[in-house]
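The report below is for a reader who has the sequence and the three-dimensional structure at hand. Which contacts, strand pairings and ring pairs can be described from the atoms?

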Amino acid sequence: MSEAKLSKIAEKMQLKNFTENIDLDRHKVIIPDVNRPALQLNGFYEHFEKDRLQLIGSVEHAYMDKKTIEEKVATWDTFLSHQIPGVIYCRGFEPEAEVIELAYKYNVPLLGTNRETSGFMAELIYMLNEELAPMKTIHGVLVDVYGEGLLIIGESGIGKSEAALELVRRGHRLVADDVVEIRKINDHTLMGSSPATTQYLIELRGIGIIDVKSLYGVECVKGRTRIDLVIKLQEYKPGSEYDRLGLQDEYMDILGHNVTCHSLPIRPGRNLAVICETAAVNHRQKKMGYNAAQELYRRVQANIATGGKFGEDEE
């Protein structure tokens, strides 16, 4: 089960900690969603999502303001006793001293932000979905080419890093080399990034480790990118059949998501960087509704239907 430290969430969302003596590193969030506890503050705890972060907005704050201090203490005592991962006050609201005391009693962190509740909640849910998304690592190289996330895979030593370096020299951006961390953000999005240890580094056999960010500048690297296309490098085998038209797309399953995959045979003299650029642009063109292979097929069928001969020049 994926989990995220509350300390990391607080850092990313720039949250104030009202319970500074509680170690946020020891508190985990495992649900990529939040709850606004209006019903719970009124005493209804059936179907209570206690594993979610709890948000206090203007409605909850206004409701609690109408209670006496004794009623507030009793309500918060019941609420915080459910061992929730944390409570976040929005719109600059702050907990009373009695609530902070109860939070220490039940070891529940109280955090705060000045931001409006709905907008903050949407951003928090998006961030939690990224942090808690299903993740796997793949041996390969990830490069942003013309805005398309290009994942290059293949056997060790086949030339993935060299192709990535040439793409960087041609103005594209490196995301990860050797190890690519892939997260399934939703049913339609795979996001790739690099482990912190190898971020922006490329290994070139015979030379060693190079730092792309230092050598070529920050414009040649990117922290993460969506994975749109997979290029699978293979040793060329004489007599093997390779797709020459591209009428039928091949796919690679990554975390239950089908990603378009091209198998590219490697032969001496082939410019991998140019081929990768072309593949990325062609993939973007297909997403925009134009498929060159289908256009060729349409022209051939039209030629046959009119009794023409394929290859004849039109007069």
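Leaving aside neighbours within four places in sequence, isoleucine 152 is in contact (heavy atoms within 4.5 Å) with Gly140, Val141, Lys160, Leu167, Ile231, Leu233 and Cys276. This is a predicted model, in which local features need pLDDT of at least 70 and side-chain atom pairs count only at pLDDT 80 or more, while totals for chains, interfaces and linings use all residues. Residues are numbered from 1 along each chain as its sequence is written, and side-chain values use heavy atoms, with hydrogens and water left out.

**Nonpolar cores**

A nonpolar core is here a set of buried Ala, Val, Leu, Ile, Met, Phe, Trp, Tyr and Cys residues joined through side-chain atoms within 4.5 Å, where buried means under 20% relative accessible area, exposed over 50%, and partly exposed in between, for a 1.4 Å probe and protein chains only. The largest such core has 29 residues, of which Ile152, Ile231 and Leu233 touch the most other members. At least two residues of this core come from each of S8, strand S9 (148-154), helix H7 (160-169), strand S12 (201-204), strand S15 (229-235), strand S17 (257-266) and helix H9 (272-287); helices (H or I, at least four residues) and strands (E, at least two) are DSSP runs, numbered from the N terminus. A second, separate core consists of 19 residues, including Leu6, Met13, Val34 and Met127.

Helix H9 also holds glutamate 277, which counts as buried because its relative accessibility is 8%. Not counting residues up to four places away in sequence, glutamate 277 touches Val145, Tyr146, Leu167, Arg170 and His172.

**Strand pairing**

Two strands pair if DSSP finds at least two bridges between them.

| Strands | Bridges | Direction |
|---|---|---|
| S8 (residues 135-145) and S10 (residues 173-186) | 10 bridges | antiparallel |
| S10 and S11 (residues 189-193) | Five bridges | antiparallel |
| S6 (residues 87-89) and S7 (residues 110-112) | Three bridges | parallel |

Valine 141 has aspartate 177 in S10 as its bridge partner. Strands S10 and S11 form a hairpin with two residues between them, and asparagine 186 stands opposite threonine 189 in S11.

Elsewhere, five strands form an open sheet in the order S2-S7-S6-S5-S4, with mixed pairing. Its edge strands are S2 (16-17) and S4 (34-35), each of which pairs on one side only.

**Aromatic pairs**

A pair of aromatic rings is described by the distance of the centres and the angle of the planes. Rings of Phe, Tyr and Trp (its six-membered ring) pair if their centres lie within 6.5 Å, and planes under 30 degrees apart count as stacked, over 60 as edge-to-face and the rest as tilted. By this rule there are five aromatic pairs. One of them joins tyrosine 45 and phenylalanine 48 edge-to-face, at 5.5 Å centre to centre and with 80° between the planes. Tyrosine 45 is partly exposed, with a relative accessible area of 21%, whereas phenylalanine 48, at 12%, is buried. Tryptophan 76 and phenylalanine 79 also form an edge-to-face pair, 5.6 Å centre to centre with 75° between the planes. Both of these residues, tryptophan 76 and phenylalanine 79, are buried, and both lie in helix H4 (residues 69-80), three residues apart, about one turn of the helix. Ring pairs link Phe18, Tyr45, Phe48, Trp76, Phe79 and Tyr89 into a cluster.
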